[in-house]
Each structure stands twice: as structure tokens, then as C-alpha cells.
Amino acid sequence: MPKDYTSNLSPDQFALIEPLLPAAKSGGRPRSTSLHAVLNAILYLVVQGCKWQDLPSDFPPTGTVYTYFRNWRLDGTWQHLHDYLRDRTRAADGRDPTPSEVVLDSQSVPTAPMVARAVGYDKAKQTKGRKRHTVVDTLGLLMCVAVTAASVPERQGGKQVLQRLHRLGERVRRISLVWVDGGYSGQPFLQWVMDTCRWIVLLVKRPEAAKGFVLLQKRWVVERTFGWWCWYRRLNVDYEYLPESSETMIQIAMIRLMLRRLA
């Protein structure tokens, strides 16, 4: 019998997303792998931060688990699960599925030694690795993320992630305000967002005379989201060969967080 790991989905949590999982392909042998067990294995990896090869033996074979992870990234299953749960979580809080305000920020994290693609040096944070350009709603739920080399400036990365968000079309129809910090200051960036996305950028700067921690309007929301990610060891260092896999790992962490709220 598989162990009851703390990262496992409860039956109620799995039942919430089971209808959204891709059906088995027609023809050939019937599917013998439990999708519940596959999800538990992937969540174990994200929470505990282990290598794929070090998944406990009571989960399905590593190759099988990784194949599901990869295929669901390529066919958009993870994105679909995440967006569905975000809508449900916002509805449970009495909110419209589409937010009217979002918060933009970036987080630089080191990469593992064997990672070479999309790696750079962030001089401000003194970090060699990758940068997560992140947009969240006012509940701190992920709207969009773009992982780039850490050397990519905030404004350039901000344009990338806002373009992705804008391409969601109807799902972001109510957005009108984007809250940012001083790293996104400057009229060219503000004008670009207005011309490209038709959104207004509101800049919240830290008071110059302030010392220590200062609670900034709306800005603390995205910092709390970054704090949530610290509980997922796979996210503390970027181990993924592809930036796209890094983005998926972040979505999986948010999927687990929202499932724990809903069931």
C-alpha cells in the first residue's frame, strides 16, 4: 500500500479535478496507471524537491510519471487545471472569475549547476539563475508567469508576461489596473502597457525615508505569493532544463494550494 505522504491529494481533492484529466487513448491496452497516484508523485516531487529518479518506489515508475508531467505540459492540461481552480477559488471568495486589478513583480532564483538554458546574472539581486516575471490577482492567485534568464530587465520581462496575459482575451476582459513597484517606473513602459493592453499602470514606490519593513498598497500581495512558493522545495532553486517546465512547476504548486482551500 502507498504511504500517506503529506503532499498527497485527498479523495475529495482528486475528485474535484478528475473530470478535467485527459481520457485514455482509444485502442490498445486499457490504462492501468492510477492518475491519482501520478498526481501524488508529481506533488511529492514539487513539495519535497527530490529528483525524478528519487521518487519513492510506491509511486508509479519514474518514466511513467515524467511522461504524464511532460504530456500535460505540452497539451495544456496543467494550464486548464490551474485556470479552472483559480476561477473556483475566486468564486468561493465571492469574486468574479476575472479580476479587475492585477499585481506585477519579479523574483530571481538561483539555478542548479546542470541548468544552462535561459540562465543569466541579476546584478541587483546578485543572483545567477532565472527570473520569474509574475502577475497575480488581488488574492495572490497566479494569473500568468514567464520565466527568463535573471539578466532580463524588469520592464522587458514585464512586457513579456503582460503580453501573455493580454492574449488570454475574454479571461482577462475586466482587467483595468496593473500595480507595479519602482522597477517598472518610466513613461515608456507605462505608455507601452496602455497602448498594447489598454491597461493603466499604477506605480507604488517605497517611501525614501522608510526603514525596515513597509506595507505597500497592493504590493504585499505578490510578495505573499512568493512566500507561498518557499514551502515548495522544488521552487527554491530552479532545477528545470526548460523554462517552460519551470513555469509548469509553479502552476502545480498553485494547483495544490487551491485544492487545499477548496476541499
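Predicted model: local features only at pLDDT ≥ 70, side-chain atom pairs only at ≥ 80, totals over all residues.
A salt bridge here is a side-chain nitrogen of Lys or Arg within 4 Å of a carboxyl oxygen of Asp or Glu. The close-ups below pick out a few of them, then turn to a helix pair and an annotated span.

**View 1. Asp87 and Arg171 pair up in a salt bridge.** The closest N and O atoms of this pair are 2.9 Å apart. Asp87 sits in helix H4 (residues 77–92), while Arg171 is in the loop between helix H5 (154–166) and strand S5 (177–180), so the bridge ties together parts that are 84 residues apart in sequence. Both ends get some solvent: Asp87 is partly exposed, at 22% relative accessible area, and Arg171 is partly exposed too, at 31%.

**View 2. Asp105 meets Arg219 in a salt bridge.** Here the N to O distance is 2.9 Å. This one also joins distant parts of the chain, with Asp105 coming from strand S1 (residues 101–110) and Arg219 from helix H7 (residues 219–229), 114 residues apart. Both Asp105 and Arg219 are buried.

**View 3. Arg234 and Glu240 make a buried salt bridge.** Their side chains come together at 2.8 Å, N to O. Why do both count as buried? The cut-off is under 20% relative accessible area, and Arg234 has 7% while Glu240 has 6%. Elsewhere, salt bridges with shared partners join Asp105, Asp181 and Arg219 into one network.

**View 4. Helix H4 packs against helix H9.** H9 covers residues 243–262, and its axis runs 9 Å from that of H4, at an angle of about 35 degrees. The crossing of the two helices is left-handed. On the H4 side, the contact includes Trp78, Leu81, His82, Leu85, Arg88 and Ala92. H9 answers with residues including Thr248, Ile252, Ile255, Met258, Leu259 and Leu262.

**View 5. Residues 9–82 carry a UniProt domain annotation.** The unreviewed entry lists this span as "domain: Insertion element IS402-like". In the model, the span is 54% helix and 0% strand. How far apart are the end C-alpha atoms of residues 9–82? They lie 15 Å apart.

Technical notes: Residues numbered from 1 in each chain as written. Heavy atoms only, no water. UniProt positions renumbered as here; feature names shortened; annotations may be inferred. Helix = DSSP H or I, 4+ residues; strand = E, 2+ residues; numbered from the N terminus. Buried < 20%, exposed > 50% of the residue type's maximum accessible area, 1.4 Å probe, protein only. Axes fitted to C-alpha atoms, helices over the stretch in contact; angles between N-to-C directions. Left-handed = near helix turned anticlockwise from the far one by under 90°. Contact = heavy atoms within 4.5 Å.
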